[in-house]
Amino acid sequence: MFPNSILGRPPFTPNHQQHNFFALSPTLYSHQQLIDAQFNFQNTDLSRAVSLQQLTYGNVSPIQTSTSPLFRGRKRLSDEKNLPLDGKRQRFHSPHQEPTIVNHIVPLSGERRYSMPPLFHTHYVPDIVRCVPPFRELPILEPREITLPEAKDKLSQQVLELFEACQQQVSDLKKKELCRTQLQREIQLLFPQSRLFLVGSSLNGFGTRSSDGDLCLVVKEEPVNQKTEARHILTLVHKHFCTRLSGYIERPQLIRAKVPIVKFRDKVSCVEFDLNVNNIVGIRNTFLLRTYAYLENRVRPLVLVIKKWASHHEINDASRGTLSSYSLVLMVLHYLQTLPEPILPSIQKIYPESFSPAIQLHLVHQAPSNVPPYLSKNESNLGDLLLGFLKYYATEFDWNSQMISVREAKAIPRPDGIEWRNKYICVEEPFDGTNTARAVHEKQKFDMIKDQFLKSWHRLKNKRDLNTILPLRAAVLQR
């Protein structure tokens, strides 16, 4: 829990009914609607655009709404203190009501407001015009309680201590979720039926205290052209951040990459964020990785120490031609799947119905709860697994002809497609089959990565001390 002084709000009450922030109301935006959104944005006084007409829902009396900006920072206005939290996050669509203005967020009746949105449980409110499930409550998504492995040797103890010092805390996740909630509210001024998802390491179980926040803005179910539509949408979002939220967001940048993003820093939580549009596979693989993270108690400590090691040796930065954190996680999972006595299975093979790419987004979050813990006969300790990981990629894996596949739980022959040619490292994305390590396209960077695996394996094998490949004091300070 982060201090209430950060937000200047009442203390959080943990026994309040919790809410799930993964529910998605599937909607569509046509190209013309995007153009209209830009026109409305450029020609609307946003300080007035948040005002709402009085609406009713069921037997609830008309709701009084505020004309004040939604993203106010650390202090709430006195006339809002008694408004319910739930109301700040709900949208209703009725075929009988008159057309409303841009903002569809409607406060609901309730007892009190809390310091931050309670996590992991919400009402799913479908768009009436789509064939989607009826209004209902989604189950609670909680991290599975798992006991950390024993560490009887020095190296395993070092791995475990580093993990306990650097793993993302619940308070870190709550900061990111609070920002996501407020940003979704703001973005819905431009795209009323959009949803903003927290994805990546913040939610997949492999985050650290210093992990950035990754956000996916979903504006429609169909794929978005990243070169045209996504850039257009992000241009509107970037302009909105610069003009309306400059007091709360700093350094917003529009990065025109293959998958364009808006980078920014939240001044309240001090978290750096990357926001993309409709990168749906990122939502799906977040929950796939989350399932693996809590499937076996050695997975998360091993992944964290390897990410720290790779970052220390400057081979964990896709923007500089080395490995992304996502690719590194997949490499660890693949190694654990391919041991003579596997520590992990392919859960996509065992539970195909839970991880099908066809599952609607508002149901994706349920997948981890459908998979029980995996009981492996392999009793290797964390130190031996770290050594084995380095040795596997330094001496055993065939980089020239093989591709890493977590989906298949084995190394498979490289595809012959153009995307895989002239690539030094091939790591299959478990859902769309693309190469997550495509950033490694220079031989010099590839040789640097291989060399680091080999050197680190030799050093660690000889000394059995994590400090020989990763200075622990510096790693802990970086969190």
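Predicted model: local features only at pLDDT ≥ 70, side-chain atom pairs only at ≥ 80, totals over all residues.
## Overall make-up

The protein chain has 479 residues, and buried residues make up 55% of them. Its secondary structure consists of 15 helices and nine strands.

Among contacts in the protein chain with a separation of 6 or more, 70% join residues 24 or more positions apart. The accessible surface comes to about 21300 Å², and carbon and sulfur atoms contribute 51% of that area.

## Nonpolar cores

The largest nonpolar core holds 67 residues, and Met331, Leu336 and Tyr393 have the most contacts inside it. Seven helices are listed as giving two or more residues to this core: H4, H8 (280-293), H9 (299-312), H10 (325-337), H13, H14 (443-463) and H15 (472-478). A second, separate core has 38 residues, including Leu217, Phe241, Phe287 and Ile359.

Met331 belongs to H10.

Helix H13 (residues 382-396) packs against helix H4 (residues 154-166) at an angle of about 90°, and the two axes are 7 Å apart. H4 is therefore roughly perpendicular to H13. On the H4 side the contact involves Leu155, Ser156, Val159 and Leu160, which meet Leu382, Gly383 and Leu386 of H13. Of the residues in this contact, five are nonpolar, two are polar and none is charged.

H13 also packs against H10, where the axes come within 10 Å and cross at roughly 100°. Angles of 65 to 115 degrees count as roughly perpendicular, so H10 and H13 are roughly perpendicular to each other. The residues of the contact of H10 with H13 comprise eight nonpolar, two polar and one charged.

## Packing of H5 against H7

Helix H5 (residues 170-187) and helix H7 (residues 229-244) have axes that come within 11 Å and cross at roughly 105°. H5 and H7 are therefore roughly perpendicular to each other. Leu183, Glu186 and Ile187 of H5 make the contact with Val237, His240, Phe241 and Arg244 of H7. By class, the residues of this contact are four nonpolar, one polar and two charged. Phe241, one of the H7 residues in the contact, is also included in the second core of 38 residues.

## Loop residues with positive phi

Cys270 is a residue other than glycine with a positive phi, near 65°. The loop that holds Cys270 runs between strand E6 (261-266) and strand E7 (272-277). Cys270 is partly exposed, and its relative accessible area is 47%.

Ala409 is not a glycine either, and its phi is positive at about 60°. Ala409 lies in the loop that joins strand E8 (402-405) to strand E9 (410-413).

How values were computed: Residues numbered from 1 in each chain as written. Heavy atoms only, no water. Axes fitted to C-alpha atoms, helices over the stretch in contact; angles between N-to-C directions. Helix = DSSP H or I, 4+ residues; strand = E, 2+ residues; numbered from the N terminus. Parallel < 35°, antiparallel > 145°, perpendicular 65-115°, else oblique. Contact = heavy atoms within 4.5 Å. Nonpolar A, V, L, I, M, F, W, Y, C, P; charged D, E, K, R; others polar. Buried < 20%, exposed > 50% of the residue type's maximum accessible area, 1.4 Å probe, protein only. Areas by Shrake-Rupley, 256 points an atom, 1.4 Å probe, with all protein chains shown as cover. Core = buried A, V, L, I, M, F, W, Y, C linked by side-chain atoms within 4.5 Å.
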